[in-house]
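I opened this notebook to record what I looked up, one topic at a time. The sequence and the structure come before the entries.

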Amino acid sequence: MAETTRPLMPADETPHETPREESRRDPHQTPNGTPNGTPRETPHGPAAARGPAEPLWRDALGGCLRRLRLERGEILVETARRAGVSPQYLSEMERGVKEPSSEMIAAVAGALDTTLADLALAVATSLLAAPAGTAPAGPTCQAAYALAA
(Lines give C-alpha, C1' and ligand atoms only; values in the text may rest on other atoms or scores of the structure.)
Protein backbone atom coordinates (compact mmCIF):
# COMPACT_ATOMS: atom_id res chain seq x y z
CA MET A 1 0.00 0.00 0.00
CA ALA A 2 1.41 3.39 -0.99
CA GLU A 3 2.14 5.88 1.77
CA THR A 4 0.40 9.22 1.48
CA THR A 5 2.18 12.38 2.49
CA ARG A 6 0.82 15.80 3.15
CA PRO A 7 2.21 18.58 0.96
CA LEU A 8 4.48 20.93 2.85
CA MET A 9 3.26 24.45 3.39
CA PRO A 10 5.63 27.40 2.83
CA ALA A 11 6.83 28.89 6.13
CA ASP A 12 5.12 32.23 5.52
CA GLU A 13 1.68 30.67 5.01
CA THR A 14 -0.55 29.77 7.90
CA PRO A 15 -3.14 27.03 7.78
CA HIS A 16 -6.77 28.07 7.70
CA GLU A 17 -8.49 27.68 11.01
CA THR A 18 -11.91 26.21 11.49
CA PRO A 19 -14.39 28.47 13.32
CA ARG A 20 -13.95 26.29 16.44
CA GLU A 21 -10.14 26.69 16.41
CA GLU A 22 -10.47 30.41 15.75
CA SER A 23 -12.73 30.85 18.79
CA ARG A 24 -10.06 29.25 21.05
CA ARG A 25 -7.31 31.56 19.80
CA ASP A 26 -6.32 34.60 21.87
CA PRO A 27 -8.06 37.62 20.30
CA HIS A 28 -4.83 39.64 20.62
CA GLN A 29 -2.86 37.15 18.54
CA THR A 30 -2.71 36.63 14.83
CA PRO A 31 -3.50 33.20 13.35
CA ASN A 32 0.19 32.26 13.53
CA GLY A 33 0.14 32.81 17.31
CA THR A 34 2.19 36.00 17.51
CA PRO A 35 0.86 38.91 19.59
CA ASN A 36 -0.53 41.84 17.61
CA GLY A 37 0.94 40.63 14.34
CA THR A 38 4.58 40.93 15.40
CA PRO A 39 6.77 38.55 13.44
CA ARG A 40 8.23 35.58 15.24
CA GLU A 41 11.95 35.73 15.77
CA THR A 42 13.92 33.16 13.85
CA PRO A 43 17.45 31.91 14.42
CA HIS A 44 18.51 34.42 11.77
CA GLY A 45 16.60 37.36 13.27
CA PRO A 46 17.22 39.72 16.19
CA ALA A 47 17.40 36.93 18.78
CA ALA A 48 20.43 35.41 17.06
CA ALA A 49 22.26 38.74 17.22
CA ARG A 50 21.62 39.02 21.00
CA GLY A 51 22.99 35.61 21.83
CA PRO A 52 21.40 33.24 24.33
CA ALA A 53 18.42 34.48 26.31
CA GLU A 54 19.15 35.88 29.74
CA PRO A 55 17.89 33.89 32.72
CA LEU A 56 14.44 34.81 33.99
CA TRP A 57 13.78 35.98 37.53
CA ARG A 58 11.25 33.20 38.09
CA ASP A 59 13.81 30.55 37.05
CA ALA A 60 16.44 31.95 39.41
CA LEU A 61 13.84 32.26 42.18
CA GLY A 62 12.79 28.66 41.68
CA GLY A 63 16.36 27.45 41.85
CA CYS A 64 16.95 29.34 45.09
CA LEU A 65 13.73 28.03 46.65
CA ARG A 66 14.58 24.44 45.74
CA ARG A 67 18.14 24.80 47.05
CA LEU A 68 16.90 26.23 50.37
CA ARG A 69 14.29 23.48 50.73
CA LEU A 70 16.77 20.71 49.96
CA GLU A 71 19.34 22.21 52.36
CA ARG A 72 16.70 21.81 55.08
CA GLY A 73 16.15 18.20 54.03
CA GLU A 74 12.46 18.78 53.37
CA ILE A 75 10.08 17.41 50.80
CA LEU A 76 7.69 19.65 48.85
CA VAL A 77 4.69 18.69 50.96
CA GLU A 78 6.31 19.82 54.22
CA THR A 79 7.38 23.23 52.94
CA ALA A 80 4.13 23.79 51.04
CA ARG A 81 2.04 22.99 54.13
CA ARG A 82 3.90 25.55 56.24
CA ALA A 83 3.71 28.16 53.47
CA GLY A 84 -0.01 27.59 52.95
CA VAL A 85 0.32 26.67 49.28
CA SER A 86 -0.30 23.41 47.46
CA PRO A 87 2.66 21.13 46.77
CA GLN A 88 1.84 21.43 43.07
CA TYR A 89 2.07 25.22 43.22
CA LEU A 90 5.37 25.10 45.10
CA SER A 91 6.72 22.63 42.54
CA GLU A 92 5.69 24.99 39.73
CA MET A 93 7.41 27.89 41.53
CA GLU A 94 10.60 25.84 41.88
CA ARG A 95 10.54 24.86 38.21
CA GLY A 96 10.03 28.48 37.09
CA VAL A 97 6.62 27.71 35.60
CA LYS A 98 4.68 30.15 37.81
CA GLU A 99 5.15 33.89 38.13
CA PRO A 100 4.20 34.05 41.83
CA SER A 101 3.00 37.17 43.62
CA SER A 102 5.16 38.80 46.25
CA GLU A 103 2.78 37.47 48.92
CA MET A 104 3.32 33.89 47.72
CA ILE A 105 7.08 34.38 47.58
CA ALA A 106 7.05 35.83 51.11
CA ALA A 107 4.97 32.90 52.39
CA VAL A 108 7.39 30.34 50.96
CA ALA A 109 10.40 32.35 52.18
CA GLY A 110 8.90 32.35 55.68
CA ALA A 111 8.31 28.60 55.51
CA LEU A 112 12.00 28.22 54.65
CA ASP A 113 13.01 30.45 57.61
CA THR A 114 14.40 33.22 55.44
CA THR A 115 13.31 36.77 54.76
CA LEU A 116 12.02 38.13 51.51
CA ALA A 117 15.04 40.46 51.40
CA ASP A 118 17.52 37.60 51.86
CA LEU A 119 15.74 35.54 49.23
CA ALA A 120 15.76 38.47 46.77
CA LEU A 121 19.47 38.94 47.43
CA ALA A 122 20.12 35.24 46.76
CA VAL A 123 18.17 35.43 43.50
CA ALA A 124 20.01 38.58 42.40
CA THR A 125 23.34 36.96 43.26
CA SER A 126 22.49 33.88 41.21
CA LEU A 127 21.54 36.09 38.27
CA LEU A 128 24.83 37.97 38.56
CA ALA A 129 26.69 34.66 38.59
CA ALA A 130 25.03 33.59 35.32
CA PRO A 131 27.52 32.75 32.56
CA ALA A 132 28.77 35.68 30.47
CA GLY A 133 26.47 36.54 27.63
CA THR A 134 23.33 35.37 29.40
CA ALA A 135 22.92 38.19 31.90
CA PRO A 136 22.06 41.68 30.68
CA ALA A 137 25.05 43.98 30.59
CA GLY A 138 23.61 47.44 29.95
CA PRO A 139 24.23 50.26 32.46
CA THR A 140 20.59 50.22 33.64
CA CYS A 141 20.71 46.48 34.31
CA GLN A 142 24.05 46.75 36.10
CA ALA A 143 22.66 49.49 38.33
CA ALA A 144 19.54 47.43 39.07
CA TYR A 145 21.61 44.39 39.99
CA ALA A 146 23.87 46.56 42.17
CA LEU A 147 20.82 47.92 44.01
CA ALA A 148 19.45 44.40 44.50
CA ALA A 149 22.79 43.26 45.91
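**Entry 1: an exposed loop residue.** I began with Asp113, which counts as exposed at 61% relative accessibility. For burial I used these cut-offs: buried is under 20% relative accessible area, exposed is over 50%, and partly exposed is in between, with a 1.4 Å probe and protein chains only. Asp113 sits in the loop between α6 and α7. Asp113 is not a glycine, yet has a positive phi of about 55°.

**Entry 2: what kind of model this is.** The model is predicted, so I noted its limits: local features need pLDDT of at least 70, side-chain atom pairs count only at pLDDT 80 or more, and totals for chains, interfaces and linings use all residues. Residues are numbered from 1 along each chain as its sequence is written, and side-chain values use heavy atoms, with hydrogens and water left out.

**Entry 3: the chain as a whole.** I looked up the secondary structure and found eight helices and zero strands in the protein chain. Helices (H or I, at least four residues) and strands (E, at least two) are DSSP runs, numbered from the N terminus. The order of elements from the N terminus is α-α-α-α-α-α-α-α. The protein chain has 149 residues, and 23% of them count as buried. I then looked up the accessible surface, which comes to about 10600 Å², with 58% belonging to carbon and sulfur atoms. That area comes from the Shrake-Rupley method with a 1.4 Å probe; for residues, only the protein chains shown count as cover. Among contacts between residues at least 6 apart in sequence, 54% join residues at least 24 apart. A contact here means heavy atoms within 4.5 Å.

**Entry 4: the nonpolar core.** Which residues touch the most other members of the largest nonpolar core? I found Leu61, Leu65, Val85, Met93, Val108, Leu119 and Val123, in a core of 19 residues. Such a core is a set of buried Ala, Val, Leu, Ile, Met, Phe, Trp, Tyr and Cys residues joined through side-chain atoms within 4.5 Å. Two or more residues each come from α3 (57-71), α4 (76-83), α5 (87-94), α6 (102-111) and α7 (116-128). The largest share, five residues, is that of α3. In soluble globular proteins, nonpolar side chains tend to be buried together.

**Entry 5: salt bridges at Glu94.** The count of salt bridges comes to eight. The rule asks for a side-chain nitrogen of Lys or Arg within 4 Å of a carboxyl oxygen of Asp or Glu. Glu94 pairs with Arg66, and their closest N and O atoms are 3.1 Å apart. Arg66 lies in helix α3 and Glu94 in helix α5, so this pair ties together parts that are 28 residues apart in sequence. Glu94 also meets Arg69 in a salt bridge, at 2.6 Å from N to O. This second pair links helix α5 with helix α3 as well, across 25 residues. I checked burial next: Glu94 is buried at 4%, Arg69 is buried at 7%, and Arg66 is partly exposed at 31%.

**Entry 6: back to Asp113.** Which residue forms a salt bridge with Asp113, the closest N and O atoms being 2.7 Å apart? I found Arg72. Arg72 is in the loop between α3 and α4 and Asp113 in the loop between α6 and α7, 41 residues apart. Salt bridges that share partners join Arg72, Glu74, Arg82 and Asp113 into one network. Arg72 itself is partly exposed, with a relative accessible area of 33%.

**Entry 7: helix α4.** The buried residues of α4 are Thr79, Ala80 and Ala83. Seen down the helix axis, they fall within an arc of 100°, so they line one face of α4. The arc is that of the directions from the helix axis to the C-beta atoms. These buried residues pack against α3, α5 and α6. Just after α4, I noted that Gly84 takes a positive phi of about 80°.

Entry 8: Last I looked up Ala130, in the loop between α7 and α8 (139-148). Ala130 counts as buried at 16% relative accessibility. Ala130 and Pro55 are 75 residues apart in sequence, and their C-alpha atoms are 7.6 Å apart in space.
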